[in-house]
Amino acid sequence: RVQFSPAVNAMFGRIAPYVGPFALRMVMHNLWLFRPVIKRVLPLISPQAAAMLHTTIAFTMQSGSAGYNVLPQEASVCANMRFIPHQGTDESIALITKLAAKYGLETEVIYKGYPSKALDLNGEAFHMVEKAIADVFPGVGVMPYVVTGGTDARFYGEVCDSCVRFSPVCY
C-alpha cells in the first residue's frame, strides 16, 4: 500500500525551498495537488525512493538443484522484508502469503520483526536535533527522512520514547 507518511510529507515540504529547477520546486510546494503523481512516480525512481512509501521485499537466498541438468525435488527462496509503519508486519506477510498461494507455493515465517515507531516530528527530541544543527550549521535545512535500512534504532525503541536517526546529506 503506497502512502505518504507524516515524515515523507514533511520531508517534501521542507525540501521545496532548496530544489533547483522551478518546475520541481513548484511540485514540492504544491503537494496537495501533485501527491497522486508523486506516489506513482517515486517507486519507479529507485528502490530507496519506493521504500519511503511502502514495505519492500528482497529475495536474498535461494536453493534448488545442485546440478545444471538436474530438476530439483524442492526449491526455496528467502525474502527479507522491510516493513513500513502504515503497512506493518502482519498485513505485509498476509499479502505475500496470499500471492504465493496463488502460484501453489508455501510460505514460512522464520523471523518476524516490527517497524520502529515513527518519530514525533513535533516532539522535543526532533526539535533538539533541529536546534543543534542550526547552532552548528546556521542556514542549513533540516528535514525528516524515512530511513529505509535496518538500524540499531529498533533496539533503542524499547528503552526510550524518541529515537532520532541522523543522516547528514550534502548536495
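Q: How many salt bridges does the structure hold?
A: Three. A salt bridge here is a side-chain nitrogen of Lys or Arg within 4 Å of a carboxyl oxygen of Asp or Glu. Before we go on: this is a predicted model, where local features need pLDDT of at least 70, side-chain atom pairs count only at pLDDT 80 or more, and totals for chains, interfaces and linings use all residues. Residues are numbered from 1 along each chain as its sequence is written, and side-chain values use heavy atoms, with hydrogens and water left out.

Q: OK, what does Arg-14 pair with?
A: Glu-130, with the closest N and O atoms 2.5 Å apart. Arg-14 lies in helix α1 and Glu-130 in helix α6, so this pair ties together parts that are 116 residues apart in sequence. Helices (H or I, at least four residues) and strands (E, at least two) are DSSP runs, numbered from the N terminus.

Q: Is Glu-130 buried or exposed?
A: Buried, at a relative accessible area of 17%. Arg-14 counts as partly exposed, at 29%. The cut-offs: buried is under 20% relative accessible area, exposed is over 50%, and partly exposed is in between (1.4 Å probe, protein chains only).

Q: And what's Asp-90 bridged to?
A: Lys-112, with 3.1 Å between the closest N and O atoms. That pair links distant parts of the chain, with Asp-90 in helix α5 and Lys-112 in the loop between α5 and α6, 22 residues apart. Asp-90 is partly exposed at 46%, and Lys-112 is partly exposed at 38%.

Q: Which side chains meet at 2.8 Å, N to O?
A: Those of Lys-131 and Asp-135. They sit four residues apart in helix α6, so about one helical turn separates them. Lys-131 counts as exposed at 52%, and so does Asp-135 at 51%.

Q: Switching topic. How many residues are in the largest nonpolar core?
A: It has 20, and those with the most contacts inside it are Phe-4, Val-8, Phe-12, Ile-38, Leu-42 and Met-52. The elements giving two or more residues to this core are α1 (6–15), α2 (22–29), α3 (31–45) and α6. The largest share, four residues, comes from α1. A nonpolar core means a set of buried Ala, Val, Leu, Ile, Met, Phe, Trp, Tyr and Cys residues joined through side-chain atoms within 4.5 Å.

Q: What does Phe-4 touch?
A: Leaving out residues up to four places away in sequence, Phe-4 touches Asn-9, Phe-12, Arg-35, Ile-38, Lys-39 and Leu-53. Contact means heavy atoms within 4.5 Å.

Q: Where's His-86?
A: In the loop between β2 (76–82) and α5. His-86 is buried, with a relative accessible area of 15%. The His-86 side chain reaches the backbone oxygen of Leu-53 at 2.9 Å. Not counting residues up to four places away in sequence, His-86 touches Arg-1, Val-2, Gln-3, Leu-53, His-54 and Glu-91.

Q: Which elements each supply at least two residues of the patch?
A: β1 (56–63) and α5 (89–102). Tyr-103 is in the loop between α5 and α6 (124–136), and Tyr-103 is exposed at 57%.

Conventions:
Polar contact = N/O pair within 3.5 Å; in protein donor to acceptor, adjacent residues only side chain to side chain.
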